[in-house]
Amino acid sequence: MIGHQLGGRYEVIERVGGGGMALVYKAQDLLLNRNVAIKVLRQQFVHDEEFIRRFRREAQSAASLSHPNVVSIYDVGQEDDVHYIVMEYVEGKNLNEIIKERAPLQVDEAVRIASQIADALDHAHHNQIIHRDIKPHNILIGRNGRVKVTDFGIARAVTSTTITQTGSVVGSVHYFSPEHAKGIVTGEKSDLYSLGIVLYQMLTGQLPFLGESPISVALKHLQEEFDEPRKFNPLIPQSVENVILKSMRKNPQERYQSAKEMQNDLETCLLPERRNESKVDFPDEDDIDQTRVMPAIKPEPRGVMSTGTLPVMDTDVGVTAADEGKSKTKKWKKPTLIISMTILLLIAMVAVVWYVRGMLVVPEVKVPNVVNQTEEKARQMLEEAGLVVSNEVIREYMENVEPGIVFDQSRDEGDVVKKGSEVQLSVGAEKTMVKMIDVKSDPYADAVKKLTALGLKEDQIKRKEEFSNEIPSGSVISQTPGVNEEFDPETVEIELTVSKGTETVKMPDLKNHTRSEAEQMLKEKGLVLGQVQEESSYTVDEGKVTQQWPVEAGAEVSPGDKITIFISTGYPPEALQYPFNINVSPKEANKNSKIRITYEDARGKNQEWGTRTINSAQTLTIPLVLAPNENGAVSVYRDGKFLDTYVVSYSEAKNGTVNVPSIDPEQDTQAPPANNPEPGNGDNGNVDPGGEGEPESTPADGEEDDEEGDTSAMKTDKGPGKHKEDKKKGVINASGRP
């Protein structure tokens, strides 16, 4: 078994114990990652169907117990011929080992252990479960001192096949109650009798009844009185001995009426005012179960009359007839008395034998079939047959079985059993509903583990995802059904809403928008306008956003975040607005030529001034905005061909020393400047012939088809020819004003 996985879930680690019926292993629950104890039925019992059925049924009954002093049962299963029960694993020793190591125990320790056992029995009895096998072997003491009672109900599964098992049955018979030894129905008070023996053994280190065989020990439980525990251990207070004497009365009516009553007595027996109380006294009533001691028959001494006086000797030699008659009468009286007493003694012996045989030999009866009967009718039929219905009725939902109808019985129809034997009924009940546990805020994987532990399958659990600002990503936000809501585990579909984390939105582009427009755009995305700061700008009109912080446009941002914006105050104080003039002429006098002007300045590169049709020499004015570290440049095209580029430096413009260039009619075409677009491919910027420097309407299609493409070089004969990239450039109108 070591290393084997039972049920694909429990990995067996080591063997930790065993008894006549089962072996106990320590195992790891791979699903819940915890240690468990697994009790495995011995192989010699795997073909005893009655034993297996009771083994599983009683384990299921014990699983209904939930108490800190009861070992919890987690699971019952079968794998091939292996029948097993999975239960709580307790680190520690059983009470039998502790008694062997250091008995007699301290009085307060023994009383504390017995009190916890009584508490566990009280819980079991309230759930209609009788242990029937209370003994030190079934009492576990954890490392923290907590007492755990185990094997609830398992002893009831013992059949005739186990009577020869060494240790288990022999060990158990020392703790049998008298009614248990008789083979009649046992109840709660039988457990209290056994607990009294356990307390007796803890305080004295020995058992109250010993014998050469289980039968002889059982008869001593029925007939003999035990030595009082203070005879072996004078340190036992009288109040504690009284608890033992009362719990071990042969007549169940004279014992404690409940485990709770015994527990209360144990909890107070060590109080100073009780330690030296009077010895408990029980009424000396005739007990039919008690063996009677018959008085011995003593023959009268010779020469003594029945009256107790010596006979008077007759001095006369002769004897009268009356005297002779009297002598004969006396001779007959003695044999008659002896014979009579012998007969009476024989009758008494026969009566005792008949009585003992009546206790030990019980007539047999046949078990009737009560399946498909109502519970009330089934009880009536079993009682009429001389059988007893177990108080532990199994009530569970069965498909196609009406509530209150018997669907199984622990003994099959026609079985021959002892009169007074117990029959357990399985009765249909309403379908059991399960209460939904709380898995909110748990990681999804942990929530699934908890739900499958309730018996649900993973395909019954559906996942739905939502954003959440409160619950971390991957954890459960909500669940359906809700907490404590009842559901059918076979048909339910669980929906878990899982957090996707904080919801994010894309940051809008606020640049070149007014403050009010930017604030509205942020509001639509669930964002908040933070600080508003001002800065000068060559490229962004006054009153519009120049930049946003800390998130650029298009980045993911969480709703509710604050965004800072910068608003343009216009050109900086050092900016120089300079009107650059240039003289242009048509290619041929009195004939139309199209003059196209592009420029660059502090506002950006490759800006279109426009196109103007001329037939005579004219002066065109191009408004430039110059910065101390930025030169301006103006490029001229005529009839689609590049003519020249003129550089305007900040210092020349400020000092007024800029020369006015002229475009002659026959001027040769120069190499086109770099970064200038092909004429006709840029922004339309045609100049109105009637206005100085004002753009005219867009020319008709095809008017500029002969213009050449992008220029690749720039003339730099006036001022520095180096062009630096500035901030992102905006678009301005032909007048040069933002």
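Reader: Which residue with a positive phi follows helix 12?
Author: This is a predicted model, in which local features need pLDDT of at least 70, side-chain atom pairs count only at pLDDT 80 or more, and totals for chains, interfaces and linings use all residues. Residues are numbered from 1 along each chain as its sequence is written, and side-chain values use heavy atoms, with hydrogens and water left out. Helices (DSSP runs of H or I, at least four residues) and strands (runs of E, at least two) are numbered from the N terminus. Helix 12 is followed, with a positive phi near 100°, by Gly455.

Reader: How many residues apart are Lys418 and Glu364, which meet in a salt bridge?
Author: A salt bridge is a side-chain nitrogen of Lys or Arg within 4 Å of a carboxyl oxygen of Asp or Glu. Lys418 and Glu364 form one at 3.8 Å, N to O. The pair links distant parts of the chain, with Lys418 in strand 14 (residues 416-418) and Glu364 in strand 10 (residues 364-366), at a separation of 54 residues.

Reader: How many salt bridges does a search of the whole structure find?
Author: Side chains of opposite charge can pair when their charged atoms come close. One of the pairs is Lys93 with Glu101, at 2.7 Å between the closest N and O atoms. The search of the whole structure finds a total of 29.

Reader: How far from Glu241 is the nearest side chain of opposite charge?
Author: Glu241 lies in helix 8 (residues 238-247). Glu241 is buried yet has no salt bridge. For charge, Lys and Arg count as positive and Asp and Glu as negative, while His and the chain ends are not counted. The nearest side chain of opposite charge is Arg230, at 4.0 Å.

Reader: Which residue does a cis peptide bond join to Pro550?
Author: Most residues other than glycine have a negative phi, and most peptide bonds are trans. Pro550 is in the loop between strand 24 (545-549) and strand 25 (556-557). With omega about 10°, the cis bond joins Pro550 to Trp549.

Reader: What is the relative accessibility of Asn400, which has a positive phi?
Author: Asn400 has a phi of about 70° although it is not a glycine. Asn400 is in the loop between strand 12 (394-396) and strand 13 (406-409). Asn400 counts as exposed because its relative accessibility is 77%.

Notes:
Buried means under 20% relative accessible area, exposed over 50%, partly exposed in between (1.4 Å probe, protein chains only).
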